[in-house]
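User: Hi! I am new to protein structures and would like to learn how to read one, feature by feature. Could you guide me?

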Amino acid sequence: MPIDATHPYDDDNIFARILRGEIPAKRVYEDAFAVAFHDIAPQAPVHLLVIPTGAYVSWDDFSARASEAEIAGYIRAIGHVAREHGLVEPGYRLLANIGAHGGQEVPHLHVHLFGGRPLGIMLSQ
Ligand code: AMP
């Protein structure tokens, strides 16, 4: 069920619990600003999620409230993960779902990294 991205942050959302180590995730990268892990239901040969370590619901919330260091750290982490997984040369896709029309289901900001095959059209028709 897509979320309303204007809601306040829910400390018990599944990615908050992953950040706290309460539930497992196949982590591939972490630093002070970001954690990356495999999506539990991959939709491409490479399907990773990169989340900020801070409590932000959506891209909108993050861009409005995060510090310059948090924003730089998160963006750099996404690039780092893409390079580390060999996605740059063949190409890949970044996707951030925001709110109801975006189909966002987990109310903690995340970017999907898809790769490993040609990904086809950008949106279903
Ligand atoms: P979104 O629609 O952008 O909110 O996507 C949420 C994504 O989180 C989906 O691709 C799910 O497969 C993924 N997901 C949900 N729970 C977990 C989990 N425990 N570990 C890893 N990925 C998850």
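User: How many cavities of 30 Å³ or more does the structure hold?

Analyst: Before we start, this is a predicted model: local features need pLDDT of at least 70 and side-chain atom pairs count only at pLDDT 80 or more, while totals for chains, interfaces and linings use all residues. Residues are numbered from 1 along each chain as its sequence is written, and side-chain values use heavy atoms, with hydrogens and water left out. Now the general idea: on a 1 Å grid over the protein atoms alone, a cavity is a set of points where a 1.4 Å probe fits but cannot get out. Grid points are joined across faces, edges and corners, and a volume is the space filled by probe spheres set on the points. Here there is one cavity of 30 Å³ or more, and the largest cavity holds about 30 Å³ of space.

User: Which residues line the largest cavity?

Analyst: A lining residue has an atom within 4 Å of a grid point. The lining of the largest cavity is made of Phe33, Pro52, Thr53, Gly54, Tyr56, Phe62 and Glu70. To sort such a list, Ala, Val, Leu, Ile, Met, Phe, Trp, Tyr, Cys and Pro count as nonpolar, Asp, Glu, Lys and Arg as charged, and the others, Gly among them, as polar. That gives four nonpolar, two polar and one charged residue for the largest cavity.

User: What is the volume of the largest pocket, and how do I read a pocket?

Analyst: A pocket is an open set of points with protein on both sides within 12 Å along at least five of seven lines. The largest pocket has about 490 Å³ of space. It is lined by 22 residues, and those closest to its centre are Phe15, Asp39, Ile40, Ala41 and Leu49. By class, its lining has eleven nonpolar, eight polar and three charged residues.

User: Which elements supply at least two residues each to that lining?

Analyst: Helices (H or I, at least four residues) and strands (E, at least two) are DSSP runs, numbered from the N terminus. For the largest pocket, the elements are helix H1 (14-19), strand S2 (34-38) and S3. H1 gives the largest share, three residues.

User: What volume does the second largest pocket have, and which elements line it?

Analyst: The second largest pocket has a volume of about 350 Å³. S4 and S5 each give two or more residues to its lining. Among the residues there are Arg93, Leu95, His112 and Phe114. The lining divides into six nonpolar, four polar and two charged residues.

User: Now the sheet: what is the order of its strands?

Analyst: Strands of a sheet pair through backbone hydrogen bonds, either parallel or antiparallel. Two strands count as paired if DSSP finds at least two bridges between them. This open sheet has five strands in the order S1-S2-S3-S5-S4, with antiparallel pairing. Strand S1 (27-30) and strand S4 (93-95) are the edge strands, each pairing on one side only.

User: How many bridges join the neighbouring strands S1 and S2, and S2 and S3?

Analyst: Three bridges join S1 to S2, with Glu30 and Val35 as bridge partners. A hairpin of three residues connects these two strands. S2 and S3 pair over five bridges, and Phe37 is the bridge partner of Leu49 there.

User: Is S2 mostly covered or mostly open?

Analyst: Buried means under 20% relative accessible area, exposed over 50%, and partly exposed in between (1.4 Å probe, protein chains only). S2 is mostly covered, as four of its five residues are buried.

User: Last topic: how many salt bridges are there?

Analyst: Side chains of opposite charge can pair when their charged atoms come close. The rule for a salt bridge is a side-chain nitrogen of Lys or Arg within 4 Å of a carboxyl oxygen of Asp or Glu. The count is five. In one of them, Arg65 pairs with Asp61, with the closest N and O atoms 2.7 Å apart. Both residues lie in helix H2 (residues 59-65), four residues apart, about one turn of the helix. Asp61 is buried at 14% relative accessible area, whereas Arg65 is partly exposed at 49%.
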